Amino acid sequence: MPGLIQDRHGTYYVQRKVPERLQEAVARVLNSEKPKQVFLKKSLGTKVLKEANIAATHVLADFNRTLASAEALLKQRPLVASVTDAQIKRMAEHYYASILALDEEERQEGTGSEPIFQSVAAQLAAAGLEFETPFKVGALPEAGLSDREVFKREHALAESRPDAMSALSKGDITHVRLDVEELLEEFQLNLDSKSHSYRRLGMAVLAARVKALKDIDRRNAGDPVDTPAFANGPVSTPATGGTLREALEGWKKERQRPEDGVYEYTRAVEMFIELHGNLPIGDIKRSHASQFRDALRQVPKTRKGELRDAGLLELRRWGELHPEAPKVSAGTVNKQLGAVQAMIGWGFRHGLVPDEIPETDPFKNLRVEGTQSTRDAFDPHGLQAVFDAPLFTDHEIPAGGKGLTAVWLPLLAVFMGARQNEFASLRASDIREDAETHTWLMWIAREAAAGKRVKSDAGERVVPLHPQIIKLGFLDYVAQRKEQDGDKAWLFPAVAPDQRGGRKSWAKWWSRYLRTHIGIEDQNLVYHSFRHGFQDALRRATPDEELRDALAGRSAAGKSVSRTYGAKQMLQRWGIQKLQETIAKIDFPGLDLSRVRTSSPAARITRGTKATR
């Protein structure tokens, strides 16, 4: 039975996770003192599997009634007499995939019963009691199933598969009645149990069960059987008007857009489609948006191995099975919600939705509340540790650092304070000498066609080069890039806007380098921490808040519109001399860069921890 678990004493109990949207309502139904009821759980009072299966049937039925009551508190769903073939097919596929997914998880993680068996065996041995068992005693398997677990699973399958096949041959859908009810609940359908559609759904689920059990038997024989991705939630009925994906394609073709932005919007839309299908825009309801938000909130923050390329459904399932694992930030969730929301709005504005359908925003007020950024600035010790690393002192540049990009991006961030993407978008021609004052300036500006972006209008600015940057040889580096690729050369071609994923790949490398090579363990210290330190130094350099905002490219939200400056306006407002004097005051007491080398004829590229000359 689904949700059947043994405690450490061997007693069976049944447990079911309450969908997040119902947790508060379930707590009210149960008159619980808790604000939310995350799990429904009840002991079955037996250690015998067969008895537990029988008892669990009634308990799960009680759980279903509790969830139904909670659902009724949220909204009354009308009884429907039919569902479409597409809905039946999708629910049956979901059911089949969920059985294989559970089987796959047990093969990887075990059933959870082996530690209990080994514990009992150890206690009997310690008490001097003799016992016989054909299974290995004294050690847990390093991974997967023990021989005893394999035997018990095969024994259970030998009973359940013939029963399911017999029920299918007779058309006895009562064999999967509870499973059908759970599917309807999960897909938010209130289907009349006396309807023809209910019987068709029952037969499809029963057939899916037989197919899944046969494929598990194939796995037991050593055949590889993949677990398909599966989706839940409402299935749209056909409707007129353009779909969400059509809105995305139209939005992309409307004008030249930054590559990173296109990638992020596309990924968000495709995740939504994976969950709900490619719905017509006019059919997207608030329930779709809410379920999408809840699924995103289950996505693990760190995705390694098989999770690296997993879709939303698999990531959500993993997150639900590992509630203690850190999840993606509220900011990430909100960015993805906003992307789909923007596509829906675009579709309404550009005629993809029939005029008779009123414009709605199903994502309105669905943002996830999160904490403020916890990114910190490096303290003097940490900053010195960064620039004492072999990357800066010995030119031991790992391959992931992309050559001198690894050296200059951190140095520029410390003394110039721009954002990572702003440095990555610099061309050689953006570093110019003022003819009158002979001051070297860095011009940060948009160039949409080339993918050069700034965060806001305030991001377009001009900043004099810090004397330390010039001393370390940045102008020589700029001259080399001009000589190699011309005046319009990207200063850092490996992370330039035309290199898809280049900047993100470098950022991940830098985070790893901080932890593994420099020894910075504080997760709040990242590349952006340099910018925090720059802003702190700016406050020490000048009391002029407007000047600080202009040099840092910060929007002055809620302040006078005159606080937004472009590069030319900055020069008119303060003049080059004032800007240069302020930047020159950026200082980090105690920071010693005397060992830093930004060029070396003996530079060598390292891979991992080994260097090759």
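Arg317, with a relative accessibility of 24%, counts as partly exposed, a class that lies between buried (under 20% relative accessible area) and exposed (over 50%), as computed with a 1.4 Å probe on protein chains only. The model is predicted, so that local features need pLDDT of at least 70 and side-chain atom pairs count only at pLDDT 80 or more, whereas totals for chains, interfaces and linings use all residues. Residues are numbered from 1 along each chain as its sequence is written, and side-chain values use heavy atoms, with hydrogens and water left out.

Arg317 takes part in a salt bridge with Glu105, with an N to O distance of 3.6 Å, a salt bridge being a side-chain nitrogen of Lys or Arg within 4 Å of a carboxyl oxygen of Asp or Glu. Because Glu105 belongs to helix α3 (residues 85-109) and Arg317 to helix α11 (residues 312-321), the pair ties together parts that are 212 residues apart in sequence; helices here are DSSP runs of H or I with at least four residues, strands are runs of E with at least two, and both are numbered from the N terminus. Glu105 is itself partly exposed, at a relative accessible area of 26%.

In the whole structure, the search finds 21 salt bridges. One of them joins Lys504 to Glu264, whose closest N and O atoms are 3.7 Å apart, and this pair links distant parts of the chain, with Lys504 in helix α19 (residues 502-518) and Glu264 in helix α9 (residues 259-276), 240 residues apart. Lys504 is partly exposed with a relative accessible area of 34%, and Glu264 falls in the partly exposed class at 28%. Asp388 and Arg595 likewise form a salt bridge, with an N to O distance of 3.7 Å, and this pair connects the loop between α13 (380-387) and α14 (390-393), which holds Asp388, with the loop between α22 and β8 (604-607), which holds Arg595, across 207 residues. Asp388 is partly exposed at 31% relative accessibility, and Arg595 is partly exposed at 45%. A network of salt bridges links Asp103, Arg153 and Arg219.

Two packed helices are described by the angle between their axes and the distance between the axes. The axes of α15 (residues 405-416) and α19 come within 12 Å and cross at roughly 80 degrees, where axes are lines fitted to C-alpha atoms, for helices over the stretch in contact, and angles run from 0 to 180 degrees between N-to-C directions. Helix α15 is therefore roughly perpendicular to α19, given that angles of 65 to 115 degrees are placed in this class, while those under 35 count as roughly parallel, those over 145 as roughly antiparallel and the rest as oblique. In this contact (heavy atoms within 4.5 Å), Thr405, Ala406, Leu409 and Pro410 of α15 meet Trp506, Trp509 and Trp510 of α19. The residues of the contact divide into 6 nonpolar, 1 polar and no charged, where Ala, Val, Leu, Ile, Met, Phe, Trp, Tyr, Cys and Pro count as nonpolar, Asp, Glu, Lys and Arg as charged, and the others, Gly among them, as polar.

Helices α21 (residues 545-552) and α22 (residues 567-584) have axes that come within 11 Å and cross at roughly 85 degrees, and the two helices are therefore roughly perpendicular to each other. Glu546, Leu547, Ala550 and Leu551 of α21 make this contact with Met570, Arg573, Trp574, Lys578, Leu579, Thr582 and Ile583 of α22, which by class gives 7 nonpolar, 1 polar and 3 charged residues.

An open sheet is formed by 3 strands in the order β5-β6-β7, with antiparallel pairing, two strands being taken as paired if DSSP finds at least two bridges between them. Because β5 (431-433) and β7 (461-464) stand at the edges with a single partner strand each, one side of each is left without a neighbour in the sheet. Strand β6 (residues 440-444) is joined to β7 by 4 bridges; among the pairs across these strands, Leu441 has Pro464 of β7 as its bridge partner, and Met442 stands opposite Val463. Arg461 and Val463 point one way from β7, whereas Val462 and Pro464 point the other way, and all are buried. Helix α18 (residues 474-485) lies across β5 and β6 and runs at about 110 degrees to β5.

Helix α6 (residues 177-186) is largely enclosed by the rest of the structure, because 7 of its 10 residues are buried, including Asp179, Glu182 and Glu185.
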